[in-house]
Amino acid sequence: MPTTTSAARLPAGWRARYRLTPWWAKVAFVWAASRLVTTSLVLAMANLQEANAWTGARPRYADFATIWDGHWYNIVAVGGYPSILPVTLEGQVAENAWAFMPGYPAAVRLLMELSGAQWAPVAVLVSVAFSLGSALLFYRLMRRVLADGTALFSVVLFCVAPLSPLLQFGYAESMYLFFLTLALYLLLERRYLALFPVIAVMALTRPSGLAFAFALALHVAHRWITRARDPFPPREWVLSASVAVFSGLMGLAWPLAAWAVTGSITAYTDTELAWRAPYIGYQELVPFTAWFQGGVWWLGMPLGIVAVVAVVLAFTMFMFTPAVRRLGVDLRFWVAAYALYLFAVFFPQSSTFRLLMPLFPLLGAVAQPRSRLYRAGVVLLCIAGQWGWLLICWRVDGADWTPP
């Protein structure tokens, strides 16, 4: 996985070939090499997997790659969404398909209809294809704010990150990251009109419309404040403000769809709350309380509260470090907006690591040190993190309470 720094130490002939290699070929090589590493780890873990609710012992790759929420996406692709919400014995809304947005299962179902193939291999194929697209777009995004070698190493980190196995599993993350990366690139290019269809698909693939709307609002406000040195003509402020409103509406579209089909105005939020009930029981959704509830559940009082406050302060300080500031204001707006969204509505547990994936522009900050030893160490730590995440969160171990 060469970068500009390492390429300078290669023989002259190799350096010439490296310089002549187009950017997309370098990124494709990084992506392919990383997929070989990750696939090897996944197959090794599958070989250790015992019989479980979804597969027999030592399942094939495609079967192992579509367990957990992959089962829910399969349900959506084949059977759609329930018009009557299932309830528990206590009368609370139970876990159901409304927690899973239709973008990814619809794409897989379309390819299933065209090919006649089954869910598992097609779901993996769709995720793998979008992961390559995401890597290519991520390079273009990082190249807007970083030098070529650093941008390419950012792609390396994206491809070997601890949760990068999800990029080739039957989950929506790969497709979502593709459209999110495209949306961020279009935002930096200020191509506001092109953002409308991208946001529409993105917001119906993973919950993100409201967070992106907030990032867009910050972008519009910043451009207005700095219009003296960075002109903000009427057409651009009308378009940028309009796409911010549109993103907010798309953020509400899925809860409204659940309401329209089930007749319950809280169908979507009640469904989401069902996933945290095993930890803290059934409670109302009160913004900005879930992380403190989670901190107390995991660590008790008062350590849980102190830990959450410490995490918030540490993240805030990190956002103002020189490395993060070099990413530019718009990428930092997205990271801040999405982090605030997570803090407002999500309950921290093992799947929180997956929910942090949209903060991936921060990899550009991690990639900036040019030391070969540092970069090799980070890559090795990431690969070790893949194995740790697969072992703790993906492998099914009896009554597993650490879902991915």
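## Helix 13 and its cover

In helix 13 (residues 267–274), the buried residues are Ala267, Tyr268, Thr271, Leu273 and Ala274; buried here means under 20% relative accessible area, with a 1.4 Å probe and protein chains only. Helix 12 (234–262) and helix 14 (277–280) are among what covers them, going by contacts, meaning heavy atoms within 4.5 Å. Helices are DSSP runs (H or I, at least four residues), numbered from the N terminus.

A quick note on the source: this is a predicted model, where local features need pLDDT of at least 70, side-chain atom pairs count only at pLDDT 80 or more, and totals for chains, interfaces and linings use all residues. Residues are numbered from 1 along each chain as its sequence is written, and side-chain values use heavy atoms, with hydrogens and water left out.

## Helix 3 against helix 8

Helix 3 (residues 23–48) packs with helix 8 (residues 148–160) at an angle of about 25 degrees, and their axes are 9 Å apart. That makes the pair roughly parallel, the label for angles under 35 degrees. The axes are lines fitted to C-alpha atoms over the stretch in contact, and angles run from 0 to 180 degrees between N-to-C directions.

On the helix 3 side, Lys26, Val27, Val30, Trp31, Ser34, Arg35 and Thr38 do the touching; they meet Asp148, Leu152, Val155, Val156, Cys159 and Val160 of helix 8. By type, the contact splits into eight nonpolar, two polar and three charged residues.

## Thr402

Look past helix 21 (372–394) and you'll find Thr402 in the segment after it. Thr402 counts as buried because its relative accessibility is 14%. Its side chain reaches the backbone oxygen of Ile392 at 2.6 Å. Setting aside neighbours within four places in sequence, Thr402 is in contact with Ser350, Ile392 and Cys393.

Definitions and conventions
Helices (H or I, at least four residues) and strands (E, at least two) are DSSP runs, numbered from the N terminus. Angles under 35 degrees count as roughly parallel, over 145 as roughly antiparallel, 65 to 115 as roughly perpendicular and the rest as oblique. Ala, Val, Leu, Ile, Met, Phe, Trp, Tyr, Cys and Pro count as nonpolar, Asp, Glu, Lys and Arg as charged, and the others, Gly among them, as polar. Buried means under 20% relative accessible area, exposed over 50%, partly exposed in between (1.4 Å probe, protein chains only). A polar contact is a pair of N or O atoms within 3.5 Å; within protein, one must be able to donate a hydrogen and the other to accept it, and residues adjacent in sequence count only if both atoms are side-chain atoms.
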